[in-house]
Amino acid sequence: MREETAISVQGVSKQFRIGEFEEDAENIVSSLIRTIKRPLTNYRKYRSLYRFDDKSGAESSDILWALRDVSFDVPRGQVMGIVGMNGAGKSTLLKILASITPPSRGRVEIKGRVSSLLEVGTGFHPELTGRENVFLNGTMMGMTRQEVGRKFDEIVDFSGVDKFLDTPVKRYSSGMRVRLAFAVAAHLEPEVLIVDEVLAVGDAAFQRKCLDKMEDAGQDGRTVLFVSHNLPAVTRLCSRAILLKEGQIIMDGTANDVVAHYLAVERDLSGSKTWTEEDGPGDGIAQLRAMRIKNTAGETIETCEIREPLGLEMEFDVFDPGRVMMVSFTVFDEQGTQVFITVETDEKWLGKPRENGRYVATAWVPGNLLGEGTFNIGAHLSTMNPLEMHYNAHQQVAVQIIDNLGPGSARGIYIGSFPGPVRPKLDWETQFLPQSVSRSAAS
Ligand SMILES: Nc1ncnc2c1ncn2[C@@H]1O[C@H](COP(=O)(O)OP(=O)(O)OP(=O)(O)O)[C@@H](O)[C@H]1O
Ligand SMILES: [Mg+2]
């Protein structure tokens, strides 16, 4: 393993027997025992884990390969995302890296102090108090009591569970447990931080704190592996991502490319769609024939930088002439919130009857309007007066808005998480009033 490589995964496979659930070493005591069994010098610097050969050889039908021959290296200081559908093997991979479960084949090497936060068992012993667990976690990572002590207040402060510090962790709510676990994992200065979907738990404010903290970790040169279904978080935090499908890596590249591919192919959301005369939404009056998301160069796109304008385009046929029609697009975010409707305002057609023929209507969404994330676009057409809907095609194409943290965005100097479906860049004016001001003596 090269000096600058933090994690090296070589030919890792993992099999499960269907119907049997393998017991994970979820609690800290069992993983502590495994750790102690390993030579200590090995543990601190160089974690070379397990090489298991498949004893049975033959594949039987009740064997499930959760991971198949997975190999990759992560250089020190890289923040890498892992994406994929439910059951793709993401959590299994992280559990192997965190040595909660051994691989069936292959090897994993990790250089440096690892701290992990996985969806199952947050690495706490249920009978011990929050305080005791924090110290135990630190010890496991090879820190002294004093080192943990110096970080203790920060951890408690971040977690917000100060009132429950002397309560056994088994009495914590799942949200409280995750809060404390994330605080420990992020503050004990691991060289490698492994985080699985913790953002799904906890409230919005805490999720934001976690993302900011992970961003800090990346900027401090720590190696971070991050599994999430929160794709905007993956594109913002990670420089690189891998896409897992049925236990195999099917793509390894920049986080932007991998997320765009995942959305387009795996989730069947692409930036364009065409219909034939047979299957196009519509009726005897008009029919939808194509939809496209475009950039200013006229190319079809799947992703768009947050500062760039994007075009929503629909192509439709009008069979029955002489009608005044209303053309519109709807934009929904990933949570299903309708962000806006936009209605055709081109003077040429406003209130005018249409001829028989094909139309291409484009609405330009300015840069710095939509926030980060995936937006689903629908196309709609009606005759006005009396109102008659010809097609009402919701969520047909999608675009992923990404933020590469370049200048000129609505962020100003802020680089943390920036929630909300829209992120308009507004005209700000701040006046300075030159007068002497002083703080009153009030506490
Ligand atoms: N302990 C276990 N025993 C048996 N089968 C398991 C075990 N853990 C995972 N599996 C199986 O391995 C496959 C991969 O699961 P894994 O949890 O790694 O998926 P994932 O990518 O994390 O999915 P999700 O997005 O839903 O979290 C699944 O088919 C799952 O049912
Ligand atoms: Mg998982």
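This is a predicted model: local features need pLDDT of at least 70, side-chain atom pairs count only at pLDDT 80 or more; totals for chains, interfaces and linings use all residues.
Residues are numbered from 1 along each chain as its sequence is written, and local features need pLDDT of at least 70.

The open sheet has 5 strands in the order S13-S19-S18-S15-S16, with mixed pairing. Strands are DSSP runs of E with at least two residues, helices are runs of H or I with at least four, and numbering starts at the N terminus. Two strands pair if DSSP finds at least two bridges between them. S13 (303-305) and S16 (338-343) stand at the edges. Each has a single partner strand, so one side of each is left without a neighbour in the sheet. The twist averages 30° from one strand to the next. Axes are lines fitted to C-alpha atoms, for helices over the stretch in contact (heavy atoms within 4.5 Å). Angles between N-to-C directions run from 0 to 180 degrees.

S18 (residues 373-383) and S19 (residues 388-402) run antiparallel, joined by 10 bridges. Leucine 381 has tyrosine 391 in S19 as its bridge partner. The loop between S18 and S19 holds proline 386. The peptide bond from asparagine 385 to proline 386 is cis, with omega near 0°. Helix H9 (residues 255-266) lies across S13, S18 and S19. H9 runs at about 155° to S19.

Glutamine 395 is found in strand S19. Its phi is near 50°, a positive value in a residue other than glycine. Glutamine 395 is partly exposed, with a relative accessible area of 36%; this class lies between buried (under 20%) and exposed (over 50%), using a 1.4 Å probe and protein chains only.

Conventions. Chains are lettered from A and ligands numbered from 1 in the order in which they are written. Side-chain values use heavy atoms; hydrogens and water are left out.
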